[in-house]
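Please consult the sequence and the structure alongside the points below.

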Amino acid sequence: MHALTTCLRTALAGGVLASAVAIAPPAAQAADNPAAGKGPAAAAAPSLTEIAARLPKVGPQDVIKLAASQVGISEDADGGGTKFQEWYMTSPRARETLARDGGALEEYENAPWCDMFVSWVGQQLGIQPVMGSDAYTVEHARWFADHGRWGRTPKPGAVVFFSWSGSKKIDDIQHVGFVVRDNGNGTIRTVEGNTGNGAVEARTRPTWQVAGYGYPVYPAELAS
């Protein structure tokens, strides 16, 4: 699946079970959101900042460098065959998203992989717990929002979520990538997986197509 149809929920049927990402679980409701400091879970769950303090000292430029190094990798004629899909299928997170969404593990093999690419970058650098991990862009965006890491400002290293209609609703998100820079002219430079003809590419996108940005807690940016 290419271009403007990337990264929608695939053949996995809708489910109701929301599951955790590593050691930083998203909260389904603000009333029980550790990131917001509300509800009984707030006292028990560590914040993303506390988690980040124990992770490798990775910063936005590390993410951008790794993502950019993957430019040119492309899918096969069936929409699969990338190392990002292969990694996701073997990850514990795939089992969790299957429990949430239904379907079969093999369906990830040729599924839209833009969010698998984002998740792979986080895993490779050891910061998956503070970047989140998913195969479904809508749920990944909700994870950032539930942790208070969602906004409208393009920053290098931010995870950028697109809605081609210009909608700002999380439910309308269709695609995801990384922000390289704000061009200052109503466009951003990005690195995205499963774009163009099903490849990792550097792109220039108008900001009106952006639904919002997720901001990982980068360990390198924490005060020493």
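Among contacts (heavy atoms within 4.5 Å) in the protein chain between residues at least 6 apart in sequence, 66% join residues at least 24 apart. The model is predicted, so local features need pLDDT of at least 70 and side-chain atom pairs count only at pLDDT 80 or more, whereas totals for chains, interfaces and linings use all residues. Residues are numbered from 1 along each chain as its sequence is written, and side-chain values use heavy atoms, with hydrogens and water left out.

**Overall architecture**

- The protein chain has eight helices and six strands; helices (H or I, at least four residues) and strands (E, at least two) are DSSP runs, numbered from the N terminus.
- Read from the N terminus, the order of elements is α-α-α-α-α-α-α-α-β-β-β-β-β-β.
- Of the 224 residues of the protein chain, 50% count as buried; buried means under 20% relative accessible area, exposed over 50%, and partly exposed in between (1.4 Å probe, protein chains only).
- The accessible surface of the protein chain is about 9,600 Å², and carbon and sulfur atoms contribute 53% of this surface. Accessible areas come from the Shrake-Rupley method with a 1.4 Å probe, and for residues only the protein chains shown count as cover.

- The buried residues of α4 are Phe84, Gln85, Trp87, Tyr88 and Met89.
- Their cover includes the helices α5 (92-101), α6 (114-124) and α7 (128-131), together with strand β5 (199-206).
- Ile73 is located in the loop between α3 and α4 and counts as partly exposed because its relative accessibility is 25%.
- Beyond its neighbours within four places in sequence, Ile73 is in contact with Lys83, Phe84, Trp113, Gly198, Ala199 and Val200.
- The C-alpha atoms of Ile73 and Phe84 are separated by 9.9 Å, and the two residues are eleven apart along the chain.

**Negative surface patch**

- Asp76, Asp78, Glu86, Glu106, Glu107 and Glu109 form a patch of negative charge on the surface.
- Patches are made of residues with over 30% relative accessible area and no salt bridge, with like charges joined within 9 Å and nonpolar side chains (Val, Leu, Ile, Met, Phe, Trp, Tyr) within 5 Å.
- Lys and Arg count as positive and Asp and Glu as negative, while His and the chain ends are not counted; the place of a charge is taken as NZ of Lys, CZ of Arg, CG of Asp or CD of Glu.
- Asp76 lies in the loop between α3 (60-69) and α4 (83-90) and is partly exposed because its relative accessible area is 36%.

**Salt bridges**

- A salt bridge is a side-chain nitrogen of Lys or Arg within 4 Å of a carboxyl oxygen of Asp or Glu; by this rule the count comes to eight salt bridges.
- Asp134 and Arg93 meet through their side chains in a salt bridge (3.0 Å, N to O). This pair links distant parts of the chain, with Asp134 in the loop between α7 and α8 (137-146) and Arg93 in helix α5, 41 residues apart.
- Asp134 is buried at 2% relative accessibility, and Arg93 is buried at 4%.
- Glu192 forms a salt bridge with Arg205, with the closest N and O atoms 2.7 Å apart. This pair also links distant parts of the chain, namely strand β4 (residues 187-195) for Glu192 and strand β5 for Arg205, 13 residues apart.
- Glu192 is buried at 0% relative accessibility, and Arg205 is buried at 8%.
- Salt bridges that share partners join Arg93, Glu96, Arg100, Asp101 and Asp134 into one network.
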